[in-house]
Amino acid sequence: MPEKILIVGGVALGPKAASRCKRLMPDAEVTLVDENVYISYGGCGIPYYVSGEVQNLDDLRATPYHTIRDPEFFRAMKGVTVRNQTRALSIDRAAKTLLVKDVISGKEEKLPYDKLVLATGASPRVPPVEGKDLKNVLSLTRLEAADAIRTACQEGKINEAVIVGGGFIGLEAAVALADMWGVKVSVVEMMDQILPGVLSHSLARMAEHDCVSHKVDVYASEKVLKLEGKDGAVSKVVTDKRELPAQLVIFAAGFIPNGRLAKDAGLDVAPFGAVVVDEHMRTSDPAIYAGGDCVAIRNIITDKLGYLPLGSMANRQGRVIGTNLAGGDATFPGYVGTWAVKLFEMSFCGTGLTVERARKEGYDAIGVSVEQLDRAHFYPEKNMMSLELVVDKPTRRVLGIQGACSAGDALKARVDAVAGVLQYARPTVEDISNLEVSYAPPFASAMDVVNVVGNVADNVLAGRFKPVTGDQFMELWKNRDQNHIFFIDARPAKAGQAVQAQHPEWHSIPLEEIAARVNEVPKDRPVAIICNTGLRAYDSLLILARNGITDVVNSTGGMQAVGKMGLKP
């Protein structure tokens with residue numbers, strides 16, 4: 001008899017697993033159950049529909065050859081039966097049946113299975129605040145919500161919006177509303193920075209400045225207390241610090257894995273609610289698989305169970321599950337956490353741990369940052385790239401890398417290169433210094449920026465200099481009356497003297513002059529050096545060291561990093 005395969009969930013993993021299984025085992029009876037009308041759509045593309053960059057909502061449901069992935073498509077093209085608007089209620093593991101309910105008629109029935117796949121996804125995290133059920137309070141995870149938001153913007157009904165949550169979806173929504181529709185957007189984030197957990201504080205300041213400079217207000221370390229309405233629709237957001245007018249509120253404060261169906265069936269579930277699976281994506285019941293946003297999987301770096309709801313992850317896991325449903329032996333090793341997000345002028349990308357997260361995991365970690373051009377300095381088209389490498393000091397093991405650049409594709413290429421090494425090895429600083437990447441002047445420097453950040457990390461670990469980030473340097477400058485630091489600007493004279501003219505305590509001593517003017521630098525005070533990117537400052541501190549001046553800090557990233565954070569002397 002043909003094997004009966006039931007799959008619960010039809011957005012990303014479910015359709016991928018179903019299609020893969022049918023390709024490998026054509027005689028299987030594969031049925032996909034989903035409670036919604038729409039299935040198999042690119043949820044990560046929803047903000048780009050709201051922004052107008054994706055013109056048609058159906059484009060998010062279409063194949064690359066422009067066929068809509070609806071139930072009829074799966075029946076005719078894939079041989080998969082789709083029962084949408086059908087809710088899964090419970091699993092009887094002993095009888096191997098799934099109780100489902102038609103959400104239109106209310107009729108319930110039991111569907112038999114030989115193997116079951118749980119692709120139940122996750123639900124937006126909505127704080128239990130007063131007013132959350134008002135009209136125009138939405139989450140940006142379903143096509144219906146995306147259509148409602150874009151229609152309201154097109155009709156001029158939205159002048160002010162509040163995004164609750166400064167993660168990927170929240171910031172993408174903020175960009176979409178502000179850039180395309182001219183909506184006044186405020187982002188409220190309860191953590192002390194946007195993109196918490198994936199960017200260091202310094203890089204997060206760059207992301208915040210990119211938002212603020214494009215008239216998106218960012219309120220970090222702030223908590224939403226309640227929503228107020230008028231005529232049944234939201235009109236105001238009240239936080240613990242202010243009141244914000246809003247005709248639209250989007251909750252983008254993270255996700256809660258939908259593990260209840262699995263838990264009620266007695267399957268192993270992690271403390272945070274996600275279904276526990278092995279490397280074959282099997283649950284604690286060998287007849288039941290699970291994947292996508294509802295599962296806990298191994299973080300390869302920490303070797304602990306973690307959670308990362310990404311569409312790319314779900315698709316890769318879906319292929320693994322589909323292979324195993326058909327009798328294969330595919331495995332999913334876990335994740336290192338690779339991501340990318342495009343804001344206004346800047347894109348941000350990362351993989352692995354941030355320095356703050358690494359320290360919480362018990363590593364003696366440092367973050368080493370650089371600013372360098374993404375292409376040869378003599379090539380006419382180039383962009384300044386920020387990279388921060390996270391390293392465990394005792395072992396020199398690389399734990400992660402994050403960065404920022406106006407050229408998102410160039411940034412992603414560097415981060416992806418490191419992600420591949422992190423996934424299959426335990427790289428050290430030397431591995432990054434010597435990482436082989438393609439070179440031609442239109443694409444990279446001969447000593448690529450990713451190699452440079454490895455080299456700088458090596459210098460820091462060897463004690464050759466003491467780094468400070470751009471914001472740390474400016475904090476030292478802010479408190480100069482208390483710390484008695486001697487500040488040196490090693491940029492060419494014109495740039496440094498422009499600041500010195502306003503601030504006499506800012507000493508313009510260009511790299512080319514520092515050897516001849518070393519007597520101007522006091523030996524009884526700490527010294528802080530800055531230049532444009534950090535390179536001239538490093539050469540300057542080497543000259544100072546040869547002259548007995550060693551209590552020196554160097555601003556890695558220099559004025560380029562300072563400017564990206566919206567700071568200035």
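**A helix, then a strand and its partners**

A: Start with helix α6. Its buried residues are Ser-202, Leu-203, Ala-204, Met-206, Ala-207, Asp-210 and Cys-211. The model is predicted. Helix α6 covers residues 201-212, which makes 12 residues. From its first C-alpha to its last, α6 reaches 16 Å, close to the 16 Å expected at 1.5 Å a residue.

Now the strand. Strand β20 spans residues 295-299. Of its 5 residues, 4 are buried, that is, under 20% relative accessible area. The strand is therefore largely enclosed by the rest of the structure.

Next, its partners. Strand β18, residues 275-276, pairs with β20 in the parallel sense. This pairing runs over 2 bridges. Val-276 has Ala-296 of β20 as its bridge partner.

Strand β21 covers residues 304-306. Its pairing with β20 is antiparallel, over 3 bridges. Here Arg-298 stands opposite Leu-305 in β21.

Then look at the turn. β20 and β21 form a hairpin with 4 residues between the strands. In this hairpin, Asp-303 takes a positive phi near 60°.

Last, some context from a record. An unreviewed UniProt entry carries the annotation "domain: Rhodanese" for residues 481-567. In the model, the end C-alpha atoms of residues 481-567 lie 19 Å apart. That span is 39% helix and 17% strand.

To return to the strand: β20 pairs in the parallel sense with β18 and in the antiparallel sense with β21.

Conventions: Residues numbered from 1 in each chain as written. Predicted model: local features only at pLDDT ≥ 70, side-chain atom pairs only at ≥ 80, totals over all residues. Heavy atoms only, no water. Buried < 20%, exposed > 50% of the residue type's maximum accessible area, 1.4 Å probe, protein only. Pairing = 2+ DSSP bridges. UniProt positions renumbered as here; feature names shortened; annotations may be inferred. Expected span 1.5 Å × (residues − 1).
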